[in-house]
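Welcome! Open your viewer, get your selection tool ready, and follow along stop by stop.

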Amino acid sequence: MGAPVTLTFQDIWDAATDDERADLLNGADKIPKPPDLFPRQALAETLSGEAGELLYGGAAGGGKTHWLIEHAIQQAQDHPGNRVLIMRRVWPSHARTIEPRMKQRLAGVAVYNGGRHEFTFPNMSIIELGTCQYADDVFVYQGAEYGCIIFEELTEFLESQYLYLGSRLRPPVDDARPHIIATTNPGGVGHTWVKSRFVSMRDADGKPRPWPIEDVWKPDPTEREPNPPTRCFVPAKLDDNPALTKRDPTYRDRLRAITNRGRREALEKGDWDAIDQVEGALWSLVSIDENRVRSVDRSALDAVVVGVDPNVSSKVGSDSCGIVVAGVAFDERSSKMVGYVLEDCTMPHPTPKAWALAAIDAYHRWEANWVVAEVNNGGDLVERNIAVEDAGVPVRQVRASRGKHIRAEPIAALATPDIDGDVRWRFVGSHPVLEDQLTTWSPTDGGASPDRLDAMVWAATELMLGGGAWSGSSNADFFAEAESGGGYVGDEVWSGDSV
Ligand SMILES: Nc1ncnc2c1ncn2[C@@H]1O[C@H](COP(=O)(O)OP(=O)(O)O)[C@@H](O)[C@H]1O
Ligand SMILES: [Mg+2]
């Protein structure tokens, strides 16, 4: 018996008669004709036929997603046996946009396998909807090959993910020209690399190129990409899409009502400069995202604390009570202690009783070792406030005597690679509001630091830097144990036994 033979579509196609080929293509003509592309979409379609990678990006509502879907279908129809991959960072984004729109468009034409997220056409072409939530999820695509890879909302992705997936371009059929297309609004974790790759191009001598180019160019080789694909950027404007403004005349007004200036300019005008990384911000979203972990076992954590930054007033409109749970564990690979943000259970302007109950709840759910709370004007009220609800919860009171940035800076430093390339402060899952505060607050602005940031910094200081001047003593046993096991050594944190 010989080895099993795997027939590819190409083999079947090459061996087929004309009649059989017509059968293989059967169904393509059943797809309802799409509405005509608007001029800018048509330009993107034309240029994508020449470029190795093309970004159609800018304002929201210009018709980017519509074009993306039509492009994918075209690639599947025109090249029997082709494989097209459409990527979003997380599945719920697909489930809200691409999946329902494609299902509607391809009803009765392509078969959808909801488990594999694949549309199979009568000509054996496949459009696959993929995701890569965590940085290393891209390795799921190892060994896969695609004639066309499509990124919806490219700035959601890390550059490393983009480059890795790009290496999966290897057309499964001869006549498909391998290429990448992407759509996006400005902003997001990938803003900076996407902007420098596609939007703000420079000549070899470093001079900025005139913008928009709307043409295909050959980028200079780099160490990482000795032979980069040809590139193209098509800026998207809201005015590109008369259908939307006609159907929904208030759409532009709604975009204008967005309060964050950078986001508003980005979504309304497709302005790439309005939303750059905040100057002076201590944390980088890229670094947070690259080092995100999916889960941490509570049993692997040596200590867990609940950080609390109480609000001064419980009136609506006053600030929130920041409540952030974090833990620390020994990392075998680096032989270092690594801290993890576990949960953000911040409450908007709660009463003292409400935040105390929330902190106590977090303490029990995480089997935390203690609560660390900032004492503000309330003096020891903070400790008493928790004790009234649950006297068994150990509380450390900390006083913000030094400047906020003096406390925040060493914690932020832990979240970027150290001299060995290790990152010692990581986020378990995603915490969008906390991460937004971390990456947009700049200590030099002079504004008060936000509540979630403060709560996290208190927790991190306790776990990673041996705490500050604490006054709580209700958990004396715990600390005595920690001390006898070594306690804190310099800032090489926690060398005591597991607790
Ligand atoms: N060529 C077109 N013809 C008719 N309607 C279109 C066309 N392009 C986009 N639309 C419609 O306009 C709306 C916004 O388009 P969409 O592709 O979602 O924009 P974007 O992704 O740029 O935010 C959608 O309802 C879409 O169906
Ligand atoms: Mg869209």
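**First stop: a covered strand**

Select strand S12 (370-375), a mostly covered strand with five of its six residues buried. A residue is called buried if 20 or more other C-beta atoms lie within 10 Å of its own, exposed if 12 or fewer, and partly exposed in between, with C-beta atoms placed from the backbone. Helices (H or I, at least four residues) and strands (E, at least two) are DSSP runs, numbered from the N terminus.

Before moving on, note that this is a predicted model, in which local features need pLDDT of at least 70 and side-chain atom pairs count only at pLDDT 80 or more, while totals for chains, interfaces and linings use all residues. Residues are numbered from 1 along each chain as its sequence is written, and chains are lettered from A and ligands numbered from 1 in the order in which they are written.

**Partners of the strand**

Two strands pair if DSSP finds at least two bridges between them. Click on glycine 307 and you will find its bridge partner, valine 372, in S12.

Next, show strand S13 (395-399). Five bridges pair S12 and S13, again in the parallel sense. Here glutamate 374 stands opposite valine 398 of S13.

**A helix with a buried side**

Select helix H14 (residues 381-389) and colour its buried residues, Val382, Glu383 and Ile386. They lie on the same side of H14 because they cover an arc of only 100° around the axis, the arc being that of the directions from the helix axis to the C-beta atoms. What do the buried residues of H14 pack against? Show helix H13 (352-365), S12 and S13 to see their partners; two residues are in contact if their C-beta atoms, placed from the backbone, lie within 7 Å.

**Two loop residues**

Go to glutamate 153, in the loop between strand S6 (148-152) and helix H7 (159-166). This residue has a positive phi of about 60° although it is not a glycine. Is glutamate 153 buried or exposed? It is buried, with 21 other C-beta atoms within 10 Å.

Then pick histidine 349, in the loop between strand S11 (336-344) and H13. Histidine 349 also is not a glycine, yet has a positive phi of about 25°. With 17 C-beta neighbours inside 10 Å, histidine 349 counts as partly exposed.

**Last stop: ligand 1**

Finally, centre on ligand 1, where Pro35, Gly63, Lys64, Thr65 and His66 come nearest of the 15 residues around it. A residue is near a molecule if its C-beta atom, placed from the backbone, lies within 6 Å of it. Helix H4 (64-78) and helix H9 (242-247) each supply at least two residues of this shell.
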